[in-house]
Amino acid sequence: MIDLRSDTVTKPCQAMRDAMASADVGDDVYGEDPTVNTLESEAAALSGKDAALFAASGTQTNLLALLAHCERGDEYIVGQDAHTYKYEGGGAAVLGSIQPQPLDFDDSGKMPLDAIEAAIKADDFHFAKTRLVAIENTQHGRVLPLDYLHAAAELTARHSLALHLDGARAYNAAVALDIDLATLCAPFDSVSICLSKGLGAPVGSVLCGSNELIARARRWRKMLGGGMRQAGTVAAAARIALTDGPTWLIDDHRRARALHGALSQLPGASVRDDWCQTNMVWLDFDDTVGPELKAHCHDNGVAISASPRGIRLVTHRDLSDDDIAQAADVIGRFFNR
Ligand SMILES: *Cc1c(COP(=O)(O)O)cnc(C)c1O
């Protein structure tokens, strides 16, 4: 199967498997796993923050950030269609008693700054206390530019709010902008980065931030049952993802552009041109065509996902240039049938 459903389907490469097999390990709940400790210092250095914490998933690192920044009865401002709000089971509200204030994204995946400012609650006991703004980058594969991120940081500083980045695919944004990760993360108080997507690790995400914030997050991670013992076995693969992964993303982005280019030629295919900025290609269809295309692809060895939001095709390191050409051909046959 040529699997275009997500970059989460990437499997650990041989170098990762070898590193996992020979990893130096200890009890990470005692702080004694050397591989986890090294991974955490490398992630802190790369993101330009004081400290980092390794956790099981991006859902968990986002939750840890919200729990570490906010108190019960606080509120965070977040995109209506953001992962943190919509696709994480409502964890901040359920487990943290933190109220979300969702806002619509504009056409480029940003929450307009004036909408954020208007949503910040006055200090009045009728209201939850606005405490944090969460931004997602990339947002459905689209890159939010640095000037927007800096303007958001200026706004949150002015209102004494924390600024969190759901940077599940932060490296895709950094690669697309041709800047280093620390520059992308500089406007933020905390950053969550998935190592298990395009970066190719089998498991894991990191939360990066100040020493105090990470110490609080570490306490919450234990409470959530996220303290892992000889976690160096997975951190060893995660270290390779951090070091080598960003160069693989360059190819992922090139292949997404190639796929986008091929699909744009097809009569009747509605490809979102301005959304192809990293490793995703989006197509629009009405409700009946999506499932038909999905079934046609499946019968021809190509896995895609179709949802009411559209069809999202994701490139990743387990696909070759030939796979992309073949997938474009299979989709092309559907439109030319
Ligand atoms: C994938 C993803 C996450 C976290 O997902 P996990 O599967 O829990 O690692 C968070 N935010 C965004 C935008 C994502 O795409």
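A salt bridge here is a side-chain nitrogen of Lys or Arg within 4 Å of a carboxyl oxygen of Asp or Glu. Keep that in mind, and remember that you are looking at a predicted model.

**Stop 1**

Select E117 and R158 and show their side chains. They meet in a salt bridge, with N and O 2.7 Å apart. E117 sits in helix 6 and R158 in helix 7, so this pair ties together parts that are 41 residues apart in sequence. Color them by accessibility if you like: E117 is partly exposed at 30% relative accessibility, and R158 is partly exposed too, at 47%.

E154 has a relative accessibility of 43%, so it counts as partly exposed.

**Stop 2: further along the chain**

Jump to D284 and R272. Their closest N and O atoms are 2.5 Å apart, in another salt bridge. D284 lies in strand 10 (residues 280-284), while R272 is in the loop between strand 9 (270-271) and strand 10, twelve residues away.

Next, pick D251, R254, R255 and D321 together: salt bridges with shared partners join them into one network. Across the model, the count comes to 16 salt bridges.

**Stop 3: a lysine without a salt bridge**

Go to K110, in the loop between strand 4 (99-103) and helix 6 (113-119). K110 is buried but has no salt bridge. Which side chain of opposite charge is nearest to K110? That is D106, 4.6 Å away.

**Stop 4**

Switch to the backbone and select N137 and T138. The peptide bond from N137 to T138 is cis, with omega near 5°. T138 is in the loop between strand 5 (129-136) and helix 7 (146-158).

Then move on to S160, in the loop between helix 7 and strand 6 (162-166). Its phi is near 55°, a positive value in a residue other than glycine. With a relative accessible area of 58%, S160 is exposed.

D178 also has a positive phi, about 55°, and is not a glycine either. You'll find D178 in the loop between helix 8 (170-177) and helix 9 (181-185). D178 is exposed, at 71% relative accessibility.

**Stop 5: the ligand**

Finish by selecting the ligand and the residues around it: S57, G58, T59, N62, H83, E88, E136, D166, A168, R169, C194 and K197. By class, this shell holds two nonpolar, five polar and five charged residues. Which helix gives the most to the shell? Helix 3 (residues 58-69) does, with three residues.

Now zoom in on individual side chains:

- D166: an N or O atom of its side chain is 2.6 Å from a nitrogen atom of the ligand.
- K197: a polar side-chain atom lies 2.7 Å from an oxygen atom of the ligand.
- H83: a polar side-chain atom is 3.5 Å from a ligand nitrogen.

Key
Residues are numbered from 1 along each chain as its sequence is written. This is a predicted model: local features need pLDDT of at least 70, side-chain atom pairs count only at pLDDT 80 or more; totals for chains, interfaces and linings use all residues. Side-chain values use heavy atoms; hydrogens and water are left out. A residue is near a molecule or strand if one of its heavy atoms lies within 4 Å of it. A polar contact is a pair of N or O atoms within 3.5 Å; within protein, one must be able to donate a hydrogen and the other to accept it, and residues adjacent in sequence count only if both atoms are side-chain atoms. Helices (H or I, at least four residues) and strands (E, at least two) are DSSP runs, numbered from the N terminus. Ala, Val, Leu, Ile, Met, Phe, Trp, Tyr, Cys and Pro count as nonpolar, Asp, Glu, Lys and Arg as charged, and the others, Gly among them, as polar. Buried means under 20% relative accessible area, exposed over 50%, partly exposed in between (1.4 Å probe, protein chains only). Lys and Arg count as positive and Asp and Glu as negative; His and the chain ends are not counted.
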